[in-house]
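Hi,

Here is the structure I promised to pass on. Have a look at it first, and then read my notes below.

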Amino acid sequence: MEPNVENKGKIKENIEISKGIYLLTLQVPPAFPLPIPGQFIHVKVGEPPQFLLRRPFSIFDYSSEKGELRIIYEVVGKGTLALSKKKEGEELDFLGPLGNGFRFGDEKVVMLVGGGMGIAPLHLAGKVAHEKGKIVVSVLGFRSKERSIMVEKFRSFSRNLIVYTEDGSIGERGIATDFFQEKRKVEELVGEILGVNSRKRLIEEGCLGFITVFSCGPRKMLESITRICEKWNLPCQISLEQFMGCGVGLCMGCVVRTKGGYKRVCTEGPVFEGGFIEW
Ligand SMILES: Cc1cc2nc3c(=O)[nH]c(=O)nc-3n(C[C@H](O)[C@H](O)[C@H](O)COP(=O)(O)OP(=O)(O)OC[C@H]3O[C@@H](n4cnc5c(N)ncnc54)[C@H](O)[C@@H]3O)c2cc1C
Ligand code: FES
């Protein structure tokens, strides 16, 4: 079971970065553990009885020098609305960092595939991957230009950045998984990145073996990227969203069906091997 990591942080900034989407920066206590990308915090957005449950948010960014943690969130209901009203200087009560994050291996290329607010945990994952000397390729999908947030942040650590919007108002028209419709396109990109020019050599040397995919976004997108990765024999880790109660493994309110039985998203997840989930 996760330790009950109770924390309080001072809000340094809580600003609307696009319509209904906020960036919140928290000053965390000095003893705050270094978060693993993909972990989340469970935030007390208000007082009971109106707010009995905390709300989970992925850690979008973290600076150990500044002791700052950032989340980005969309106002979708009363909890996120209450959070959006919080002001600079207010104290925020939260649990975290919680859950299991993305696991790095000996891959050379980390491919981030994010849809909508699902880009949140991928940002820290990409930043850390880059710091580890890995090549980062980001494929991000949004509804429209207006909803395309934090693209420049991803550009700062990405070797290649491909943006899709459903209405084509920025980048390519479509959704993030469209990029994977053609294996050849991906092989060419990876071949170019790794300096393997000939497609034949690329296949012989199995360049797809150098890639790991990290993904977060709508469930349908995660299922789809999992299927593609299975077909291509690519390792794929996905971060799942699920309704949460306690956030620390006690209530079983967040379970999902996996090949290993029911697992708690808050504790065994939110990051799982895509192929482990019973979609
Ligand atoms: C591990 C994890 C990380 C998350 N990270 C982020 C993040 O970085 N940024 C962000 O904006 N949101 C994130 N979410 C979703 C966020 O927790 C919910 O949007 C939030 O709890 C909604 O609270 P509310 O009271 O405003 O909405 P509610 O009134 O509770 O619900 C309003 C709407 O939001 C949907 N919803 C509520 N809770 C969830 C949930 N847990 N997952 C999916 N849909 C939900 C409901 O279906 C409903 O349509 C994350 C969820 C999880 C489980
Ligand atoms: S939210 Fe309670 S066990 Fe996961």
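L189 counts as buried, at 13% relative accessibility (buried means under 20% relative accessible area, exposed over 50%, partly exposed in between, with a 1.4 Å probe and protein chains only). This residue lies in helix α4; helices (H or I, at least four residues) and strands (E, at least two) are DSSP runs, numbered from the N terminus. Leaving aside neighbours within four places in sequence, L189 is in contact with M111, V137, N160, I162 and F179, where contact means heavy atoms within 4.5 Å.

Before I go on, some housekeeping. This is a predicted model, in which local features need pLDDT of at least 70 and side-chain atom pairs count only at pLDDT 80 or more, while totals for chains, interfaces and linings use all residues. Residues are numbered from 1 along each chain as its sequence is written, chains are lettered from A and ligands numbered from 1 in the order in which they are written, and side-chain values use heavy atoms, with hydrogens and water left out.

Now to the nonpolar cores (sets of buried Ala, Val, Leu, Ile, Met, Phe, Trp, Tyr and Cys residues joined through side-chain atoms within 4.5 Å). The largest has 38 residues, and those that touch the most other members are M111, F179, F180, V213, I225 and L240. Two or more residues come from each of β7 (91-98), β8 (109-115), β9 (135-142), β10 (160-165), α4 (183-194), β12 (211-216), α6 (219-232) and β13 (236-239). The biggest giver is α6, with six residues. Because domain 1 (6-98) and domain 2 (109-276) both give residues to this core, it lies between them; the domain bounds come from an automatic or database domain assignment. As for F179, beyond four places in sequence it touches M111, V139, I162, Y164, K185, V186 and L189. Another core, of 25 residues, lies apart from this one and has F60, A125, M150 and V151 among its members.

The D93 side chain makes polar contacts with the side chains of R54 (2.9 Å) and K8 (3.2 Å). A polar contact is a pair of N or O atoms within 3.5 Å; within protein, one must be able to donate a hydrogen and the other to accept it, and residues adjacent in sequence count only if both atoms are side-chain atoms.

Some backbone details to check:

- The peptide bond from P48 to P49 is cis, with omega near 5°, and P49 is in the loop between β3 (40-43) and β4 (55-58).
- The peptide bond from G269 to P270 is cis, again with omega near 5°; P270 sits in the loop between β15 (261-264) and β16 (271-273).
- N233 is not a glycine, yet has a positive phi of about 60°; this residue lies in the loop between α6 and β13 and is exposed at 68% relative accessibility.

Finally, the overall picture. The protein chain has six helices and 16 strands, and buried residues make up 54% of its 279 residues. Its C-alpha atoms fill a box of roughly 60 × 40 × 35 Å along the principal axes.

Happy browsing!
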